[in-house]
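These are my notebook entries on a structure that I went through piece by piece. I wrote down what I looked up and what I found.

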Amino acid sequence: MLFTDRADAGHRLAESLGHLRGDEPVVLGLPRGGVPVAFEVARALGAPLDVIVVRKLGVPYQRELGFGAIGEGGVRVISDDIVRRGRLGQADLASVEHAEAAELTRQAERFRAGRQRLDLTGRTAIVVDDGIATGATAAAACEVVRAQGAARVVLAVPVAPPDAAERLRGSTDEFVCLSTPFAFSAVGEWYQDFSQTPDDEVVSLLAQASSAQASSAQAAAGPEPATGASGRTTGARAAAETSAAEEKDVAEEVAIDAAGVRLTGDLTVPAGALAVVMFAHGSGSSRHSPRNRLVAAALNEAGLGTLLFDLLTPAEEAHRSNVFDTETLAERLADATGWLRGRFAGPIGYFGASTGAAAALRAAATPDADIAAVVSRGGRPDLAEPLLPAVRAPTLLIVGGNDPLVIDLNREAEAALRAETRLEIVPGATHLFEERGALQQVADLARDWFVGHLVTPARP
């Protein structure tokens with residue numbers, strides 16, 4: 001079983017965990033790669049999401065051999081047998097634990113950004129990772145979760161080697177694994193996109209999940225009535241509350257007909273949104289891409305709507321040549337734009353990544369496109385080269401400073417474009433902007449460009 005990326009793995013994993021929805025579980029992602037998977041699981045189950053920060057305690061002279069683990073809340077899980085056989089003294093144990101405790105605290109504070117750790121007492125806890133190699137960290141996490149008070153511990157992963165899977169089945173209340181291939185050498189080989197998950201992405205996903213849970217809880221509780229001196233709800237306050245209740249963000253999965261092909265997308269329109277940005281992802285990615293979703297979240301927070309959707313069907317994505325057929329991708333993007341205009345009257349922008357950026361530029365170059373702004377992240381504008389002079393939308397090209405070939409391609413595109421154009425190079429970033437803080441810079445640049453060109457200027 002091959003997964004497109006961690007978001008795709010999370011969607012598939014959630015389908016196998018649906019039976020736990022009635023248990024009102026807490027979903028815990030192992031940082032860093034497990035959090036994007038856990039995010040999709042939590043969203044599908046309507047469950048709260050948290051990070052489970054665990055630090056393995058390694059024998060000083062053989063770090064890969066763990067003699068225990070520590071977790072938040074002062075939880076310590078120690079293997080007395082390994083301590084005894086390793087002839088470890090109290091000074092050795094204290095030294096290792098002190099160093100790991102400091103890193104545990106730093107990580108927890110960084111990931112949660114001031115939020116409190118979720119209480120697991122008496123709860124069903126679903127521990128999620130993006131895959132298992134040896135299973136040592138996952139097993140330690142499950143022990144820590146149980147020590148933190150969870151009544152039932154479920155370990156859920158997309159892929160694991162058969163021997164590790166067998167060991168873990170005996171150490172948890174339930175073990176859910178979608179694939180246990182015999183020809184297993186590394187977790188990453190079972191993903192088309194297994195790029196590093198930066199800290200900023202973990203922080204963003206946890207913040208999104210927390211915000212969604214808070215909104216859900218508030219909606220379930222209903223508005224608190226305002227009362228006057230007589231104890232009755234005042235008319236003005238009640239009207240204001242009704243108006244506010246109507247101004248909720250609209251987020252839905254949509255089906256789009258593009259040239260007879262059914263495309264699936266996620267449309268989010270914040271209350272009062274004046275514009276919508278359509279995302280065209282690149283090769284080996286999908287609408288579930290954590291990178292695109294981080295950017296989309298930043299745009300939503302700025303009051304812009306977003307539409308993330310797949311330009312290819314799953315069957316088409318299996319043939320890699322299709323992701324480079326930017327002419328077909330552009331035609332479908334244009335058809336999807338027509339569909340969106342039937343639902344939204346405001347300005348529309350395009351955010352394209354890799355080959356998706358070429359599709360966005362091609363679509364924006366059509367005579368009746370009327371696209372208000374384009375942003376390209378690590379784009380391949382050379383695949384739209386003949387049409388670049390026809391693009392009328394203000395275009396921002398964002399490239400990583402350590403992506404020299406793509407920098408050259410974007411510089412050539414900057415010279416060819418006739419509309420307002422700017423090239424931004426993010427220092428130290430590679431093609432996927434995996435470096436710490438790099439993707440957040442992309443999100444900030446995209447947000448400012450779209451706000452400046454979709455919202456600020458008066459529309460004719």
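**Entry: the start of the chain**

Which residues of helix 1 are buried? I was working with a predicted model, and in it I found R6, A7, D8, A9, G10, L13 and A14 to be the buried residues of helix 1. That is 7 of the 10 residues of the helix, which spans residues 6–15, so I noted helix 1 as largely enclosed by the rest of the structure. I then looked up what the buried residues of helix 1 pack against, and the list holds helix 2 (34–45), strand 6 (124–128), strand 7 (152–159), strand 8 (174–179) and helix 9. At the start of helix 1, I also saw that a side-chain oxygen of D5 comes to within 3.2 Å of the backbone nitrogen of A7.

I turned next to empty space inside the model. Rolling a probe the size of a water molecule over the atoms shows where empty space is left. The search of the whole structure gave 3 cavities of 30 Å³ or more, and the largest cavity has a volume of about 70 Å³.

For the second largest cavity I wrote down a volume of about 50 Å³. Its lining is made by L28, D50, V51, I52, E72, R112, R117, L118, L120 and Q148, and by class I have 5 nonpolar, 4 charged and 1 polar residues there.

How large is the volume of the second largest pocket? The value I have is about 420 Å³. It is lined by 23 residues, and those closest to its centre are L30, P31, R32, D129 and T137. Strand 3 (54–59) and helix 5 are the elements that give two or more residues to this lining. By class, the lining of the second largest pocket has 10 nonpolar, 7 polar and 6 charged residues.

I looked again at P31 and R32, and found that the peptide bond joining them is cis, with omega about 0 degrees. R32 sits in the loop between strand 1 (26–29) and helix 2.

**Entry: two residues in helices**

I picked A141, which belongs to helix 5 (residues 136–147). Is A141 buried or exposed? Its relative accessibility is 0%, and because buried means under 20%, A141 counts as buried. Setting aside neighbours within four places in sequence, I listed L30, I52, V54 and V127 as its contacts. I also compared A141 with V53: the two are 88 residues apart in sequence, while their C-alpha atoms are 7.8 Å apart in space.

The side chain of R293 makes a polar contact of 2.5 Å with the side chain of D266. When residues up to four places away in sequence are not counted, R293 touches E40, R43, Q208, D266, R287, H288 and L308.

**Entry: residues in loops**

In the loop between strand 4 (62–71) and strand 5 (75–78) I looked up G74, which is exposed, with a relative accessible area of 63%. G74 lies 74 residues from Q148 in sequence, and their C-alpha atoms are 9.3 Å apart.

I then checked backbone angles. A113 is not a glycine, yet its phi is positive, at about 55 degrees; this residue lies in the loop between helix 4 (90–112) and strand 6, and at 52% relative accessibility A113 counts as exposed. S354, again a residue other than glycine, has a positive phi near 55 degrees. S354 is placed in the loop between strand 13 (348–353) and helix 12 (355–365), and with a relative accessible area of 15% S354 is buried.

Last, I looked up the confidence. The chain has a mean pLDDT of 84, and 86% of its residues reach 70 or more. Over residues 224–248, however, pLDDT stays under 50, and the model has 17 contacts beyond four places in sequence for this stretch. Where pLDDT is low, the predicted coordinates should not be read in detail.

Definitions and conventions:
Residues numbered from 1 in each chain as written. Predicted model: local features only at pLDDT ≥ 70, side-chain atom pairs only at ≥ 80, totals over all residues. Heavy atoms only, no water. 1 Å grid on protein atoms, 1.4 Å probe; cavity = no way out; pocket = protein on both sides within 12 Å on 5 of 7 lines; lining within 4 Å. Points joined across faces, edges and corners; volume = space filled by probe spheres on them. Nonpolar A, V, L, I, M, F, W, Y, C, P; charged D, E, K, R; others polar. Helix = DSSP H or I, 4+ residues; strand = E, 2+ residues; numbered from the N terminus. Buried < 20%, exposed > 50% of the residue type's maximum accessible area, 1.4 Å probe, protein only. Contact = heavy atoms within 4.5 Å. Polar contact = N/O pair within 3.5 Å; in protein donor to acceptor, adjacent residues only side chain to side chain. pLDDT = per-residue confidence, 0-100.
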